[in-house]
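Hi,

Here is the structure I promised to pass on to you. Have a look at it first, and then read my notes below.

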Amino acid sequence: MLDNAGPRSLMKIYCACGKIVDLDRKEMNLKKSLKKDLECPACRNARISREIDFLNGVSDKGIPIEEG
Ligand SMILES: [Zn+2]
C-alpha cells in the first residue's frame, strides 16, 4: 500500500464513477469504519440530492423517517 505522507494527510480513492480523487485520509478511514462507500465529491453530492428527493417523497406520504 502506498503511503505518501504529505503536508495534508490525503489518500487516493477510486470512485465508482471512475474518478481517482485525493481525499482526507481521516475522513475516509472514518467512512470505511462505518462501512460507507468511498466516493468523490461529485458522486457524494449526487447521492445526497437523491436521498433528499427520496426522503421528501416518502414524507409526502406521511411516513416519518428518522436518522440516527
Ligand atoms: Zn465519483
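Buried residues make up 1% of the 68 residues in the protein chain, where buried means that 20 or more other C-beta atoms lie within 10 Å of a residue's own, exposed means 12 or fewer, and partly exposed is in between, with C-beta atoms placed from the backbone. Please keep in mind that this is a predicted model: local features need pLDDT of at least 70, side-chain atom pairs count only at pLDDT 80 or more, and totals for chains, interfaces and linings use all residues. Residues are numbered from 1 along each chain as its sequence is written.

The protein chain has two helices and two strands, in the order β-β-α-α along the sequence. Both kinds of element are DSSP runs numbered from the N terminus: helices are H or I with at least four residues, strands are E with at least two.

Strands E1 (residues 10-14) and E2 (residues 20-24) pair in the antiparallel sense over five bridges; pairing requires that DSSP finds at least two bridges between the strands. Lys12 stands opposite Asp22 in E2. The two strands, E1 and E2, form a hairpin with five residues between them, and Gly18 in the turn has a positive phi of about 100°.

Helix H1 covers residues 25-33 and includes Glu27. Glu27 is partly exposed because 13 other C-beta atoms lie within 10 Å. Its C-alpha atom is separated by 9.9 Å from that of Ser9, 18 residues apart along the chain.

Lys35 sits in the loop between H1 and helix H2 (41-60). Its phi is near 60°, a positive value in a residue other than glycine. Lys35 is exposed, because it has 6 other C-beta atoms within 10 Å.

Best wishes
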